[in-house]
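Subject: Structure handover

Hello,

Here is the structure I promised to pass on. My notes follow below it.

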Amino acid sequence: MRLHQTSIDSLRMELIVATTNAKAIDLLNLISYNWKGEPIRIFADEALFQSKRIKYVHGIVAATGQIGYAFYWDYQDDSSMVYFNKALKLAVKNQFEDLESQFLNYIGDVNRIHYNHSEALKYYYKALKIAKKRNDLARLSMLYCVIADVNRLQSNIDTALVYYSKSLKLAIELRDLKREAFCKAYIGDIFRVRLDYVNAIDCFKDAIAIASKVDDKNLLCYCYMNCGSLYVNLFEPDSALYNLKKSLELARQINDYGTQLVSLGTLGSLYNDKKDF
């Protein structure tokens, strides 16, 4: 489970008062794990330098993987895979199962974004086996979710629903609101594909309520757009208009041009049907 900015700031305060070099290095790696963008590499490089200085092997392996993660966020996937594979070999050699599961997860992610779905699932299931052994609930929730994503993209919606439901259950237990909202939204998407519009809308509404608490505008935009389209199918134009306008408003805020096009197109059809032009 990744942390929100307030929690990251708390880690940075812990870093200032860390009582041992190893503790400071662990915090540097943890901060880089929870960050996005350029700071990932800054913290990971410092963790690697300090780990080598005191010969702290776990820190070296974790930082190596986090440098790969920095490349991943910078869309340099070839470089990220070099570091992920190097880190994975070191984790296996030193029997660091926590890091082994993490790096298997990372390699699966790279394959997933390149649509190498079978390869992605291979790494995810390996990571899942370790996470189950360690009872790593946060990693399990994450892995169940990405396994569900891949199966949804492969149109294996029954399998996807099983894994989204597992991830959702753990997200609720862990109070991980972002993942809870995400799982609710994509369970709604599965109901939509099954033409179960009422249950789909209920799921999207639940996702909207949860995503609003963490200000996840991307997910809110997606949910409002889908609710709008579903209300069109249910011949409820007023509800459709409300949700589509909310989706369009949010899409403009985050420069989501794809959602803007879909929402505008559906709104145009609705206004035309209602003779409001």
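**Aromatic pairs**

Trp 73 is partly exposed, with a relative accessible area of 33%. Partly exposed covers the range between buried, under 20% relative accessible area, and exposed, over 50% (1.4 Å probe, protein chains only). Tyr 72 counts as buried, at 17% relative accessibility.

Before going on, some ground rules. This is a predicted model: local features need pLDDT of at least 70, side-chain atom pairs count only at pLDDT 80 or more, and totals for chains, interfaces and linings use all residues. Residues are numbered from 1 along each chain as its sequence is written, and side-chain values use heavy atoms, with hydrogens and water left out.

Back to the rings. A search of the whole structure finds 13 aromatic pairs. Tyr 72 and Trp 73 form an edge-to-face pair, 6.4 Å centre to centre with 85° between the planes. Rings of Phe, Tyr and Trp (its six-membered ring) pair if their centres lie within 6.5 Å; planes under 30 degrees apart count as stacked, over 60 as edge-to-face and the rest as tilted.

Tyr 144 and Tyr 163 give a tilted pair, because their planes stand at 40°, with the ring centres 5.9 Å apart. This pair links distant parts of the chain: Tyr 144 sits in helix α8 (residues 137-153) and Tyr 163 in helix α9 (residues 157-174), 19 residues apart. Tyr 144 and Tyr 163 are both buried.

There is also an aromatic cluster. Its members are Tyr 69, Tyr 72, Trp 73, Phe 84, Phe 103 and Tyr 106.

**Overall fold**

The protein chain has 14 helices and zero strands. Helices (H or I, at least four residues) and strands (E, at least two) are DSSP runs, numbered from the N terminus. The C-alpha atoms fill a box of roughly 75 × 35 × 35 Å, taken along the principal axes.

Of the 277 residues, 48% count as buried. Contact means heavy atoms within 4.5 Å. Among contacts between residues at least 6 apart in sequence, 52% join residues at least 24 apart.

The accessible surface comes to about 14200 Å², and 53% of that belongs to carbon and sulfur atoms. Areas come from the Shrake-Rupley method with a 1.4 Å probe; for residues, only the protein chains shown count as cover.

**Core**

The largest nonpolar core has 87 residues. Those with the most contacts inside this core are Phe 103, Tyr 164, Phe 204 and Leu 219. Helix α12 (residues 217-233) provides the largest share, 10 residues. A nonpolar core is a set of buried Ala, Val, Leu, Ile, Met, Phe, Trp, Tyr and Cys residues joined through side-chain atoms within 4.5 Å.

Leu 219 is in contact with Ala 181, Phe 182, Ala 185, Tyr 186 and Ala 211, leaving aside neighbours within four places in sequence.

Asn 226 lies in helix α12. Asn 226 is buried, with a relative accessible area of 8%. Not counting residues up to four places away in sequence, Asn 226 touches Asp 189, Arg 192 and Phe 204.

Ala 120 is in helix α7 (residues 117-134). Ala 120 is buried, at 0% relative accessible area. Residues up to four places away aside, Ala 120 touches Gly 108, Asn 111 and Arg 112. The C-alpha atoms of Ala 120 and Leu 104 are separated by 9.3 Å, and the two residues are 16 apart along the chain.

Ile 190 has its place in helix α10 (residues 177-193). At 1% relative accessibility, Ile 190 counts as buried. Neighbours within four places aside, Ile 190 is in contact with Ile 157, Ala 160, Leu 161 and Tyr 164. Ile 190 and Asp 158 are 32 residues apart along the chain, and their C-alpha atoms are separated by 8.4 Å.

**Positive phi in two loops**

Most residues other than glycine have a negative phi. Asp 215 has a positive phi, near 55°. Asp 215 is found in the loop between α11 (197-213) and α12. Phe 235 also has a positive phi, near 60°. Phe 235 is in the loop between α12 and α13 (237-253). Phe 235 counts as exposed, at 73% relative accessibility.

Best wishes
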